[in-house]
Structure formats: structure tokens, C-alpha cells
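Please open the model in your viewer and keep the sequence beside it. The stops below are meant to be taken in order.

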Amino acid sequence: MEKELRLMKGNEAVAEAAIRAGADGYFGYPITPQSEILEYLMEASPWKTTGMVVLQAESEIAAINMVYGGAACGKKVLTTSSSPGISLKQEGITYIAGAELPCLIVNVVRGGPGLGTIQPAQSDYFQAVKGGGHGDYHLIVLAPASVQEMADFVGLGFDLAFKYRNPAMILSDGAIGQMMEKVWLSPQQERSKSVPAWATTGKPSTRKRNIITSLDLDPNAQEVFNQKLIAKYNEIKEKEVRYEELRCDDAEYLFVAYGTSARVCMKSVQLARAQGIKVGLLRPITLYPYPSKRLNQLADRVKVMISVEMSAGQMIEDVLLSVNGKVPVHHFGRMGGIVTNPEEVVENLKSKIIGG
Amino acid sequence: MAEATGIKDILKPENLVYNKTKIMTDNVLSYCPGCGHGTAHRILAEIIGEEGLQSQTIGVSPVGCSVLLYNYLDIDWQEAAHGRAPAVATAIKRLLPDKFVFTYQGDGDLAAIGTAETIHSCNRGENILIIFINNGIYGMTGGQMAPTTISGMKTSTSPYGRDVKLMGNPLKITDIVATLPGTYYVTRQSVHTPANVRKTKKAMRKAVQYQKLNKGTCFIEIVSNCPSGWKMTPVLSNKWMEENMFPFYPLGDIKVPEEKSAQ
Ligand SMILES: Cc1ncc(C[n+]2csc(CCOP(=O)(O)OP(=O)(O)O)c2C)c(N)n1
Ligand code: SF4
Ligand SMILES: [Mg+2]
């Protein structure tokens, strides 16, 4: 079957891609700027076609615990929300990580803290990549920079989640969720009929009972489990790093930016190059695992790195850890729901870094 | 001449009157002596065994004294976060509609932190069974006041007795869920005497049948004791329960299917 070309919002692309990826269930609660996902799914009514369950839950807490229940049955399930809702989901997310369940969580980030703003931001980076809930755990975090990637990362997110029995997150933002672009959609995939060996589907006489839990009262056993998680995260770091480079070969200055900020920086690279400034861009596609090795290599060649992010400076900490003191690292970006513009990124580079 | 009977002569299949049910595992229960949780587990295990549901059942255990319930019944289990079992069960049942899905929850779990999940899954009429162990206290964390703690009852966080003006009123959540259109069968039982055990078992069997017929949420409250939290002997705790809990939480059906009541 052929791919299909459509003009869609990022949020709609997530919804359509979930249906086409053969998802078994979606559980969500309305919040701007991502309500289109639930609205799209309700209108599409996939329970009539693929059999996918769609349910508007009474809260984000309920929604993420529905995801827990569905994932523990071995099903492909997802939930989506925006920042305040993702905060509420943190309890469920750590239980999902602790029970080693695969699932997909989409955060269409808006500015905070608190109720904040409904405009796009990248201020949930720490929450997404450093854990978010309690306990030692990590999500696999994918950062789309286009409507196309919003769609593509649904399938990728599910694949990685099932491969590692680990929750995956798409860390998007209100700009990518709301903007319309053309998108090539994959053909409809059938919902999987295979049942993972660990799934709770009713215990036949042929196997032991399956228990999905994150509890271990024995500290020795709990530590063994923590070590198992670390081994898993190390394997993920080894195998799943994804990033994109733009004009890094001869770059003296390097922007490091993901998602919407990366889109902005692509333009900034163009503008700066036109003025003779040798600048490149490294766009992390996976925020966890982070492209640290590559940044460390690039630190041998560039003079300065600039972490461009719509936050007070969160990802910059991972850039600093990656380069480990080899080069200075600056932060630039707007906050409060304001999307940084390409000109001000170049202006900052010229006045604060090159001229400063 | 009759010979003296030894234990070997008594241990014969034809003399067997009571047995461990197949569904109970050999794990030692973690409950205090005389606690109602163990009895409630046993009834549930009997029902699952007798109805041939082992391969069809997914249970959701709570956070509370029965958090390790998954060690005691030989079925597939999911252990939910505190209060979230009905949301977890909602998804299981919707994704596996042919399976038998139940939650087993304490009063802190179901009627405090999980109130929203309880009300909304009942209101949606999720086709699950909710088993609600109301012992009027937070057993697991050492006997603190629960939403169900009755007026005047002493707990570690109401050491002078529950003062309803200060601490709020005990919550009859079972009566609330009975008002919701999504619930099909709502009943309040106990497990402290053989007669009550039989009634509870009957209620569970009905709930299994109703779930097979996709009738909506079945909700069985079991008013139970907590000898440790109440600081009483098992015998005294049962007496205290009869004298103090049952007047406030009267036993019996609260909502029965319409076709039945019309007869
Ligand atoms: C989010 C969260 N808050 C608090 C606790 C601590 N906690 C564990 S069990 C429990 C209360 C259990 O009481 P109940 O549900 O009545 O069960 P019982 O032990 O009485 O059977 C509490 C507050 C927890 N585990 N998780
Ligand atoms: S603390 Fe109470 S509810 Fe918990 S096992 Fe002991 S008696 Fe039972
Ligand atoms: Mg209790």
C-alpha cells in the first residue's frame, strides 16, 4: 500500500498516525493546545474500523492509569496531554516505568509553571528526560520538529517502547501541535494479534500467573531491579541515539536545538551563513538518549555552542555534560509561550558571543 | 474390638469437609490474626475456581494491606497505584471485553484518594466487579483515620475519636455509587460469620453472572474488621463491628437489578 499525502495539524497527525499504527487504545483528557487529538479520534471513531478503543477519561490521572491497565494487557496504548496534564500523569508514568510497560505518551508542551500559558514552550525538558516522577527511571524521549515527525514518531515511539518494555514520550510543543503542514501518512497497519509473554490476559494452565507490579518490599531485590533498569537504559543509550546535523562540517559556532527551536535555528543558520558566519546546527531527535558522544566530538572542532530552547535553559545542562568543559556553552531562547525568531538568534550570536 | 483412631485414620478423602481452594496459592498470608481480608480472599478464590474463571480473570490489587493480594490468588494480576484500580480495570475490560475483571480495594484506596476513579468508572457503567473492603481505617499505614471512620471512632489521627465537625463526616460511598445509572448491582455484606460468608459468596457469584451479561458495574462492599488498627482482639473486633459499624453501614442489598425487584 502507498503512503497518503495530507495537509494536517501536528495534533491531527498524531491521532491519525495512532490509528494507522494499529494502536489498541487511546485514553485522554482535554487540554489546550492538544485537544484536537481526542477530538479527531472521536470523529474518526476507529472502534468501528480497526477496533481501537478511544475513551475520554475523567482526569489525566485516570487516563494514565488506563494506559497502565491496557499496556499491562500487552496492548498498544497511548495518551496525550499538555504540560499541566503531564504533571498529573507523573504518578502513573513512574508506575509504568517501574512495571516495565510499553506505552506512548505525547506532551504538546505549553508555557509554565502552573497554569502558565496555552502558547508553545520547551520548559518541560527536565521533567521529560530526567525522570519526572519519583524513583530512578527514564523515558525514551523523541522530539519532533515537523508535522511529518509528529506522525512518524508515533510508530517509532511504539516500536521503541515495545522493544525495551519502557514508556516512550513524544516531547512536542504547541507550535508543532497546532501548525499545518503536508504529511505523508503510512498505510493502515493491522492491530497486533500477538500477546507478549508477560501480558495479563488470563492465566491458562500452561503458564505461571503474570503479575504486573512495581512493588518489591525486599531492598536487595529492588536494587537488583534498579540495576536491571540501568542496564536497559545503557543499552538504549548505546543503540537508539538519533540526531540531525546541518552544516556542522566547517562550523565554528554550533546551535544545539530540538523541536520548534531547531526549526528556528535552521533559518538562523541560513541567515548567519549569508553574513559569512560559519555556524551549524545539531538537532537532537532523541532527547533521551541524548546525542552526547556526537556533541563531545563536535566540541573538538567548534569554538562555542549555543543551546537554543524556549525555556530558561534546561537542555543546556545536557550540552554542558556532553562537552565536559571543552568549549563554552551559552543559552538563548524566549520563554512564556513566545517562539524565538531566527533573527534574534543570529543577533544574539553576533552581539553576545562573537562580539562579546 | 475398635482400635484407637490415629490422625492417619482421619486423614482420608471421604472425611474431607474443608479444603484449600485450588486458586489460593501456598504463600503465607501477610494479614494479622483474625483479619477479614483473608476470608474475603478465600471467597473470591472459591468463586473464581468454581466458575472456571482462572484463565479468564484479570484482577487488580490496591495499595493497602491487600497490596500483596497478587501473591495469594493464582490468576493474572495488575497492581495499581493507590486508588487507581478502577481506571486500570476500565482499560483492561475495554481492551479484553470477554475477560472477567475485578478490583479489590480498601476504604482509603477506594473512598479517599481514588474517589474520582470509583465514581466515574461506576458512572460509566464499566463492566467490572469492584470489591470494597471497608474496615473504617487505614490498616496498612498503621491505623489512621479513613473517610469511612465512624463518628467518635479512635484512630491514630483521631486519637480522641472522630470529631465530625473538625474532621468531616464518614462517607457512605456505596450508597453514592448505588445512585449512579452505571451500577447494576450494589450490595453491602460482611465475612465475620459463616452465614455472612455464604451471603457474600452468593453476591460474588451474582456479580460474575452479571459481568458475563455485560450489565454494568457490580459493587460489593464488605464491612470488615481491623483488629490491629482498632486495637482489639479478633473476637472483640467482630463484636464491636456488629455493634458500631453495622448500624451506620447496614448490611444488605442497596441496588438490585430491576428485573429481579419487579418480580
Ligand atoms: C500516593 C500514595 N499515598 C499514600 C500512600 C500510603 N498508603 C499506603 S496504604 C494507605 C491506606 C490504605 O488504607 P485502606 O485502603 O483502607 O486499606 P487497608 O490497609 O485498610 O486494607 C496509604 C495511605 C501510598 N502508598 N501512595
Ligand atoms: S492492619 Fe488491619 S486490615 Fe491490615 S492485616 Fe492487620 S488487621 Fe487486617
Ligand atoms: Mg481500610
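Predicted model: local features only at pLDDT ≥ 70, side-chain atom pairs only at ≥ 80, totals over all residues.

Two strands are called paired if DSSP finds at least two bridges between them. Residues are numbered from 1 along each chain as its sequence is written, and chains are lettered from A and ligands numbered from 1 in the order in which they are written.

**Stop 1: the sheet**

Select residues 183-190 of chain B, strand E7, and then E9(B): 3 bridges join the two, and they run antiparallel. Within this pairing, Thr187(B) is opposite Asp253(B) of E9(B). Strands of a sheet pair through backbone hydrogen bonds, either parallel or antiparallel.

Go to the chain A end. Which way do strand E9 of chain A and E2(B) run, parallel or antiparallel? Strand E9 (residues 211-212) of chain A is joined to E2(B) by 2 bridges, and the two run parallel. Ile212(A) has Gln78(B), in E2(B), opposite.

**Stop 2: the interface**

Select both chains. In contact (heavy atoms within 4.5 Å) are 35 residues of chain B and 33 residues of chain A. The area buried between the chains is about 2,700 Å², with 61% from carbon and sulfur atoms; buried area is the accessible area (1.4 Å probe) that two parts lose on being put together, summed over both.

There are 4 salt bridges between chain B and chain A, a salt bridge being a side-chain nitrogen of Lys or Arg within 4 Å of a carboxyl oxygen of Asp or Glu. Show Glu58(A) and Arg124(B), which form a salt bridge with their closest N and O atoms 2.8 Å apart. On the side of chain B that touches chain A, strand E1 (57-61), strand E2 (76-79), helix H3 (85-95) and helix H5 (115-124) of chain B each give two or more residues. H3(B) supplies the largest share, 7 residues.

**Stop 3: the ligands**

Ligand 1 lies between chains A and B. Around ligand 1 are 17 residues, the closest being His37(B), Cys65(B), Asp107(B), Asp109(B) and Gly139(B); a residue is counted if one of its heavy atoms lies within 4 Å. Check these distances from an oxygen atom of ligand 1:

- 2.9 Å to an N or O atom in the side chain of His37(B)
- 2.8 Å to a polar backbone atom of Cys65(B)
- 2.8 Å to a polar backbone atom of Asp109(B)

Move to ligand 2. The residues around ligand 2 include Tyr31(B), Cys32(B), Cys35(B), Cys226(B) and Pro227(B). His37(B), Cys65(B) and Gly139(B) are also among the residues around ligand 2.

**Stop 4: a link within chain A**

Finish with Lys293(A) and Glu238(A), whose side chains meet in a salt bridge (3.6 Å, N to O). This pair links distant parts of the chain, 55 residues apart: Lys293(A) is in helix H10 (residues 292-298) and Glu238(A) in helix H8 (residues 219-239), both of chain A.

Terms used: Heavy atoms only, no water. Helix = DSSP H or I, 4+ residues; strand = E, 2+ residues; numbered from the N terminus. Polar contact = N/O pair within 3.5 Å; in protein donor to acceptor, adjacent residues only side chain to side chain.
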